[in-house]
Each structure stands twice: as C-alpha cells, then as structure tokens.
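Here are my notes on the structure. Please read them with the model open.

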2 protein chains.
Amino acid sequence: MANNRDISLPVVKRLPRYYSNLEELMREGVLRISSSELAGRMKITASQIRQDLNHFGGFGQQGYGYNVSDLYHEIGRILGVDQRLKVILVGVGNIGKAIATQVNFSKRGCELIGLFDIDKSVVGQVVAGKRVCDTSDLSDFCIINKPEIAILCIPKSQAYSVAEKLIDSGVTSFWNFSHFDLNVHFDGIIVENVHLGDSLMTLKYRTNNKI
Amino acid sequence: MANNRDISLPVVKRLPRYYSNLEELMREGVLRISSSELAGRMKITASQIRQDLNHFGGFGQQGYGYNVSDLYHEIGRILGVDQRLKVILVGVGNIGKAIATQVNFSKRGCELIGLFDIDKSVVGQVVAGKRVCDTSDLSDFCIINKPEIAILCIPKSQAYSVAEKLIDSGVTSFWNFSHFDLNVHFDGIIVENVHLGDSLMTLKYRTNNKI
C-alpha cells in the first residue's frame with residue numbers, strides 16, 4: 001500500500017478519472033479488468049495505467065488483471081472520500097449557483113457549509129438549501145467554523161481582497177474559478193484553478209488542427 | 001515558426017496559460033521577461049518554459065528574455081484566436097446558463113450561435129441574448145448552420161442520444177460538461193471534458209496531504 005506522499009501530482013490528478021471509471025465498471029458488474037481493457041476505455045496507454053497503478057501494489061496480477069472493487073476502494077481511500085472536509089463558496093452568481101447546486105459534494109467527501117456574496121440582492125436567497133450570507137461576515141464565519149476549502153466564484157477584481165481575508169482567517173485551500181492567479185500573490189496556499197476559457201481554447205486548437 | 005502539427009497535446013494544453021499570463025504582462029507594461037521570471041510567476045520550472053517555447057523559435061534570446069508582445073501574438077496565432085468557430089450549447093440548466101453568460105466566447109475566437117434545451121419551460125427564454133430553442137430542432141439547425149463545436153451541459157442520461165444526433169449532423173468537437181465518457185462510445189471525435197468533481201477531488205487530496 002502506497003504512502004500518499006509518494007504519489008506525484010500528475011498521478012494524483014489522474015486518480016479521480018480512475019475512480020469514476022472503476023465506479024462505472026462496478027455498476028456494469030465487471031469484477032476484473034486488464035490494464036489494456038482499462039486503457040482502451042480511458043484512451044490512455046496500458047503502460048501508463050500499469051505505471052500509475054503500481055503505486056497501489058497488490059491489485060494487478062499478470063494475466064489476471066485488476067480487481068475492480070478492491071482498486072476502486074483503495075483509490076477512494078487514497079483520495080480520502082471518507083474524510084469529510086468543510087467547504088465554503090464565495091460569489092453566488094451564475095457559476096457559483098451552478099457549482100453549489102450541481103456538484104455532488106458529499107459523494108466527494110466534502111460538505112458545503114456556507115455561501116457568501118457581497119450583492120445585497122443575493123444575500124438572504126436560499127441556494128442549495130443554504131441561506132446566502134453577506135461577505136462582510138466571512139472572517140467571523142471562518143474563524144468559528146474552520147472550513148478547509150474555499151470556492152472562489154468571484155470576479156478577478158474582488159479575488160485579492162477576498163483571498164487575503166480568507167487566508168487571514170485560516171483557509172489555505174482554494175478551488176479557484178476567478179481569473180486571478182492566487183499563486184502569484186500568496187505563498188503557502190493550495191490552489192486548483194478551473195480556467196474554463198483555457199479548456200475552450202485547447203478544444204478550439206484541437207478542432208482547427210484535428211488532433 | 002512552428003508547424004502546429006508538431007506541437008504535442010500536453011504543450012497545447014499549457015498554451016492558454018502562457019497566453020493569459022502574457023496578456024497580463026502586457027497590461028502591466030512589461031516588454032521582456034526571462035524564462036525564470038515567467039517560471040516564478042506561473043509556478044512551473046524555467047526549463048519547462050524554455051522547452052515549451054522553443055516550439056515558437058525566435059522569441060527567446062540568451063540573457064535577453066522573451067519579447068512579451070511578440071510571444072503573445074505568436075501563441076494567439078497558434079491557438080487560432082483570429083479564426084472564428086461556431087459553437088452551440090445544449091442544456092441550459094444552471095451550468096449551461098453559467099457557461100453561456102460567463103465565458104467570453106468572442107475573445108477566444110468562438111461565436112455562440114445557438115442554445116438548446118428539451119425542457120419546454122426553458123425553451124423560448126432569452127439567455128446571453130439568444131432565444132433557447134427546442135432540442136428537437138437540433139439536427140436541422142446543425143445541418144443548416146454547421147457549428148464546429150457543441151457544448152454539452154446535459155445529464156449523463158441524455159448525453160448518448162444528443163451526441164449521436166450531433167455527430168450525425170456533422171458536429172465533431174465537444175466541450176463536455178456531462179458526466180458521460182463520449183470517447184468510450186464514439187470514435188473520430190474531439191472531446192475536452194470538464195470534470196468539475198475530479199478537480200475538487202484533486203484539491204481535496206492535496207489539502208489532506210499538504211502537497
């Protein structure tokens with residue numbers, strides 16, 4: 001069994017894809033799968049799969065394949081789906097509302113405990129079963145409730161001051177939908193950027209160049 | 001100057017990030033930047049930057065750095081920001097509405113020409129300045145208007161039939177927000193998946209393991 005610390009970030013980034021593919025296979029009633037079958041399904045190479053999954057020793061056997069359920073649960077354990085982290089969301093506009101209502105937080109071991117906005121017409125609305133609070137209450141809320149992760153769905157212009165407030169209140173992990181590069185301005189924080197426009201540009205390039 | 005076909009997909013996926021960082025630098029009035037300064041800003045290694053940008057020869061010089069504006073425009077050319085592609089969006093729920101209203105399509109050389117939904121209460125609404133059409137009109141619309149890219153913001157259960165209809169009508173590129181693995185079911189299409197839940201799980205792992 002691997003020590004989580006030994007797993008490199010590129011491998012970590014692929015784990016959720018393995019996890020959801022294995023979940024799908026379990027739903028289809030598949031008990032075992034070879035690295036080449038899994039590779040065909042995920043459109044990556046079998047050698048990449050063997051290399052990645054070697055980190056979780058004991059699940060693959062020559063000529064036998066992987067035990068789907070065992071591998072699924074081991075990757076779930078590595079991903080920490082059973083450890084609950086508290087999450088808040090700042091900026092309940094179109095994207096924020098979509099994230100709050102569409103993302104299955106509990107399935108991923110997260111709990112959305114607070115929603116914040118500066119717009120007085122949004123504060124007080126109920127979104128995803130939660131009343132939206134005023135951003136002016138953010139620091140107090142964080143000091144009391146200690147969320148581990150903040151989701152930023154705010155415009156670039158607000159990102160610095162909101163992030164600073166959150167960091168001062170003990171939040172160190174950010175799921176960043178704002179177009180503001182937090183890592184340039186703050187050290188010692190963990191950031192996953194979702195740059196939707198970048199993904200569209202990559203698709204456009206691939207469409208133009210048929211790759 | 002590189003032939004676009006020579007550039008590997010991992011490099012392509014980094015290009016939009018270079019592009020937005022260079023845009024930011026131009027806005028800050030920076031004329032030249034060294035690979036190590038750019039590396040510090042983007043939190044990647046200087047050698048990775050030199051390796052990536054070597055594909056676009058002529059912009060980096062030893063002890064002199066990159067000409068920000070030239071590199072910005074060259075990467076824009078490679079990304080095809082001046083070539084306009086037609087885009088449609090299927091599924092105008094929370095995520096679909098957020099994408100239609102928040103993503104700056106024209107800045108990325110795309111034009112959103114149609115919105116579709118099967119929900120009769122959504123059809124006829126005006127979103128991002130466009131009237132939402134009925135999904136039953138999708139095939140006719142595609143055959144007449146020839147969109148290059150379809151954005152799928154529909155539930156997994158609808159994804160197969162909608163994608164099949166689109167492919168039959170000539171669409172080959174998909175920006176896929178549904179949790180359905182199109183590549184498993186269709187060959188010869190180009191897909192950029194946006195798996196928001198995967199990104200959250202990666203952040204959660206990094207938060208738990210402080211990496």
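1. Terms first. Two strands pair if DSSP finds at least two bridges between them. Helices (H or I, at least four residues) and strands (E, at least two) are DSSP runs, numbered from the N terminus.

2. Source and numbering. This is a predicted model, where local features need pLDDT of at least 70, side-chain atom pairs count only at pLDDT 80 or more, and totals for chains, interfaces and linings use all residues. Residues are numbered from 1 along each chain as its sequence is written, with chains lettered from A and ligands numbered from 1 in the order in which they are written.

3. The sheet. In chain A, seven strands make an open, mixed sheet, ordered β6-β7-β5-β4-β8-β9-β10. Its edge strands are β6 (126-127) and β10 of chain A, and each pairs on one side only. Strands β5 (residues 110-117) and β7 (residues 130-134) of chain A run parallel, joined by three bridges. Across from F116(A) is C133(A), in β7(A).

4. The loop glycine. G170(A) sits in the loop between α7 (156-168) and β9 of chain A. Is G170(A) buried or exposed? G170(A) is exposed because it has 12 C-beta neighbours inside 10 Å (buried means 20 or more other C-beta atoms within 10 Å, exposed 12 or fewer, partly exposed in between; C-beta atoms are placed from the backbone).

5. Its partners. Beyond neighbours within four places in sequence, G170(A) is in contact with C142(A), I143(A) and K146(A) (contact: C-beta atoms, placed from the backbone, within 7 Å). The C-alpha atoms of G170(A) and K146(A) are 7.2 Å apart, with the two residues 24 residues apart along the chain.

6. The interface. Chain A and chain B each give 49 residues to the contact. On chain A, α9(A) supplies the largest share, 14 residues.

Terms used: Two residues are in contact if their C-beta atoms, placed from the backbone, lie within 7 Å.
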